[in-house]
Amino acid sequence: MTNYNVLVVDDDKEIRDAIEIYLKNENITVIKAKDGIEALEKLNEHSVHLILLDIMMPRLDGISTTFKIREKKNIPIIILSAKSEDTDKILGLQVGADDYVTKPFNPMELIARVKSQLRRYVTLGTYEGVKKTVDLNGLTLDQTAKEVTVHGENVKLTRIEYSIVELLMLNAGRVFSISEIYERVWNEPGYNAEKTVAVHIRKIREKIEIDPKNPRYLKVVWGIGYKMEK
């Protein structure tokens, strides 16, 4: 894996330096920042393919930083935090993060998650033998532009949200189980993926549905999974 730039944002210098060693061993270039303010500055100065972002930091914390990044960019974000409660993981996902790793982390797991997110980021939308544009009663997927619109209005999706919508729209009418969605989108086994997938489904509905509680497009099939209505 070469020519990738990863921005590591953490107020702990030892953690920044340790992650740099792990990533450099994989031929990944590391850019470092000690807080959210510096991270936003680095994003303007460098081409970044992925961000490893701590939550608890001075000046601008990880959650607020994610909000600001998502206003302009779809770069994969993996949150790093000493907090292990489900509420913190869900909050991170809700504001636009793509994955979550709890400190202290296993270096091999961290590298695997980084590679998985980079793989999704650089190959997004490269399904073979499918149309580049799909329309389902006003919900339109443009694989070339990596955009989703509802009756012509652009919908601002995170990278993971786009991947879920793309998977379901390219296979409209087919029901995908939660574990299958997770495995297809995150590229890893879908163990205990219910909460993670549910959070993203809810956010997608809020963006593409007129009435998210009575969805027209993204349907649940109780006890089985989700599908995109034809």
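Tutor: Let us begin with a term: two strands are said to pair if DSSP finds at least two bridges between them. Please keep in mind that this is a predicted model.

Student: Which residue in β12 is the bridge partner of V220?

Tutor: For V220, the bridge partner in β12 is Y226.

Student: In the open sheet of three strands, what is the order, and which are the edge strands?

Tutor: The pairing in this open sheet is antiparallel, and the order is β10-β12-β11. An edge strand here pairs on one side only, and this applies to β10 (176-177) and β11 (218-221). The edge strands are therefore β10 and β11, because each pairs on one side only.

Student: What covers the buried residues of α2?

Tutor: The buried residues in question are G36, E38, A39 and L43. Their cover includes strands and a helix, among them β1 (5-9), β2 (29-33), β3 (50-54) and α3.

Student: At the start of α2, which backbone nitrogen does a side-chain oxygen of D35 reach?

Tutor: Helix α2 covers residues 36-45. At its start, a side-chain oxygen of D35 comes to within 3.1 Å of a backbone nitrogen, that of I37.

Student: Is R70 buried or exposed?

Tutor: R70 lies in helix α3 (residues 62-70). Its side chain reaches the backbone oxygen of K73 at 3.1 Å. Leaving aside neighbours within four places in sequence, R70 is in contact with residues including I75, V95, D98 and K156. Buried means under 20% relative accessible area, and R70 has 11%, so R70 is buried.

Student: How are the rings of Y182 and W186 arranged?

Tutor: The structure holds one aromatic pair. The rings of Y182 and W186 have their centres 4.5 Å apart and their planes at 10 degrees, so the arrangement is stacked.

Student: Where do Y182 and W186 lie?

Tutor: Y182 is buried, and so is W186. The two residues are four residues apart, about one turn of the helix, and both lie in helix α7 (residues 178-186).

Student: How many salt bridges does a search of the whole structure find?

Tutor: Side chains of opposite charge can pair when their charged atoms come close. One example is R174 with E180, whose closest N and O atoms are 2.6 Å apart. A network of salt bridges links K13, D17, E20, K24 and K32. The search of the whole structure finds 20 salt bridges.

Student: How many residues apart are R159 and D98?

Tutor: The side chains of R159 and D98 meet in a salt bridge (3.9 Å, N to O). This pair links distant parts of the chain, with R159 in helix α6 (residues 159-170) and D98 in the loop between α4 (86-94) and β5 (99-102). R159 is buried, with a relative accessible area of 1%, and D98 also counts as buried at 1%.

Student: In the salt bridge of E161 with K207, is K207 buried or partly exposed?

Tutor: The closest N and O atoms of E161 and K207 are 2.7 Å apart. The pair links distant parts of the chain, E161 being in helix α6 and K207 in helix α8 (residues 194-208). E161 is buried, with a relative accessible area of 2%. K207 has a relative accessible area of 32% and is partly exposed.

Terms used. Residues numbered from 1 in each chain as written. Predicted model: local features only at pLDDT ≥ 70, side-chain atom pairs only at ≥ 80, totals over all residues. Heavy atoms only, no water. Buried < 20%, exposed > 50% of the residue type's maximum accessible area, 1.4 Å probe, protein only. Polar contact = N/O pair within 3.5 Å; in protein donor to acceptor, adjacent residues only side chain to side chain. Contact = heavy atoms within 4.5 Å. Phe/Tyr/Trp six-rings, centres within 6.5 Å; stacked < 30°, edge-to-face > 60°. Salt bridge = Lys/Arg side-chain N within 4 Å of Asp/Glu carboxyl O.
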